[in-house]
Amino acid sequence: MPATWPCPGPAGIGDELAVVFDRARAVRLLIVPPLFEEMNRTRRMLIETQRGLDGLGVDSILPDLPGCNESPQAFSAQSLGSWRDGMAAAARHFAATHVLAVRGGALVFPTRLPGWVLEPAKGAAILRQLLRARTLSAREAGLEENSADLLEAGRNHGLELAGYRLSAALVAGLDAAVPQDEGQRVIRQSELGGSPLWLRSEPGEDPAQSAALARIIAAEASA
Amino acid sequence: MTQTSETDTMLRTLLSDVLGLGSARATALTAESGLFGALPELDSMAVAGLLTEIEDRFDIVIDDDEVDGDMLGTFGDLLAFIRAKRGEG
């Protein structure tokens, strides 16, 4: 079910959306989604995981990162800092007791919460893939661009990559960021079975993976 | 398992994961099977994802200027590139 939560932004506090399964139970899981295209590719999987958790007695909250999905904020105004502030605000508002950070979500989740990180991604690897997509499509169009020059320009002035307008702060932040997990358990794809849905442009569905993820979290949260 | 056949198996799995080929299509790939330009799934965004995943799983670094049609033309080309990068003669 959709719910709103107050999120800090450049124009003050504004409402952002979250998908919540909230029955005021003891374990309340904040899910921090992956970044960029991987967010879209994993959305069905994560909501299906929320349904599984609901059946296993766990509340969950999947908030939009500010500037992403249904957010009224501009993507071009975002940085890792604004996403960290947003996720910390969501954790407070919904009184989350645990966190699951997925892929690039591991760069921006509230580290004070216990929980899990699923296949955490380095910021530099995320940025490299976006830069590569741009240089490859430039080459197909007969232009020559290289990643090093683009990165330098992006760190100073921001950059358009794969349809996203990245601020200079976001480029610089991604280039340096590593997963923030401190004691949260790393879950690997092999524990879920199947192949990683975030790699494919048309991910399809794999309910068994969502069910496995929900079972792991429900079991370990109550252990 | 020798490292060489391990590389072959890992690359088939990786192509299956990234392109959603399914295990039957991935197993049926031969050295002459066309990749870039032959598989509609392989657009520039997918190539970018594929290269990043190759770097991650094979622990190698691929430079911009190494990426071209020769390297990604066929399954055999890509396998030979990765083997050379891994020092498998």
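This is a predicted model: local features need pLDDT of at least 70, side-chain atom pairs count only at pLDDT 80 or more; totals for chains, interfaces and linings use all residues.
**Domains and chain contacts**

Chain A is divided into two parts: domain 1 covers 2-121 + 180-221, and domain 2 covers 123-178. The centres of domain 1 and domain 2 of chain A, taken over C-alpha atoms, are separated by 25 Å. Contact between them involves 13 residues of domain 1 of chain A and 13 residues of domain 2 of chain A. On the side of domain 1 that touches domain 2, seven residues are nonpolar, five are polar and one is charged.

Between the chains, 15 residues of chain B are in contact with 19 residues of chain A. Helix H1 (3-19) and helix H3 (44-58) of chain B are the elements that give two or more residues to the side of chain B that touches chain A. H3(B) gives the most, with ten residues.

Seven strands of chain A form an open sheet with mixed pairing, in the order E1-E2-E4-E3-E5-E6-E9. Strand E1 (2-9) and strand E9 (185-187) are the edge strands, and each pairs on one side only. From one strand to the next, the twist averages 25°.

| Strand pair (chain A) | Bridges | Direction | Bridge partners |
|---|---|---|---|
| E2 (residues 12-21) and E4 (residues 59-63) | Four | Antiparallel | A:Phe21 and A:Ser60 |
| E3 and E5 | Four | Parallel | A:Leu30 and A:Val99 |

Strand E5 (residues 98-102) of chain A is mostly covered, with five of its five residues buried. A:His98, A:Leu100 and A:Val102 point one way from E5(A), whereas A:Val99 and A:Ala101 point the other way.

A:Arg185 lies in strand E9 of chain A. A:Arg185 counts as partly exposed because 13 C-beta neighbours lie inside 10 Å. Although A:Arg185 and A:Trp116 are 69 residues apart in sequence, they are 4.6 Å apart in space, C-alpha to C-alpha.

A:Arg188 lies in the loop between E9 and helix H6 (189-192) of chain A. With 9 other C-beta atoms within 10 Å, A:Arg188 is therefore exposed. The C-alpha atoms of A:Arg188 and A:Val117 are separated by 8.7 Å, and the two residues are 71 residues apart along the chain.

**Helix H2 of chain A**

Helix H2 (residues 80-93) of chain A has 14 residues, so at 1.5 Å a residue it should span 20 Å; its end C-alpha atoms are 20 Å apart, in agreement. The buried residues in H2(A) are A:Leu80, A:Ser82, A:Trp83, A:Gly86, A:Met87, A:Ala88, A:Ala90 and A:Ala91. An α-helix has 3.6 residues a turn, so residues three or four places apart point the same way. The buried residues of H2(A) pack against E1, E2, strand E3 (28-32), E4 and helix H5 (168-176) of chain A. Just after H2(A), A:Ala95 takes a positive phi of about 50°.

Terms used:
Residues are numbered from 1 along each chain as its sequence is written. Chains are lettered from A and ligands numbered from 1 in the order in which they are written. Domain bounds come from an automatic or database domain assignment. Two residues are in contact if their C-beta atoms, placed from the backbone, lie within 7 Å. Ala, Val, Leu, Ile, Met, Phe, Trp, Tyr, Cys and Pro count as nonpolar, Asp, Glu, Lys and Arg as charged, and the others, Gly among them, as polar. Two strands pair if DSSP finds at least two bridges between them. Axes are lines fitted to C-alpha atoms, for helices over the stretch in contact, and angles run from 0 to 180 degrees between N-to-C directions. The expected span of a helix is 1.5 Å times one less than its number of residues. A residue is buried if 20 or more other C-beta atoms lie within 10 Å of its own, exposed if 12 or fewer, and partly exposed in between; C-beta atoms are placed from the backbone.
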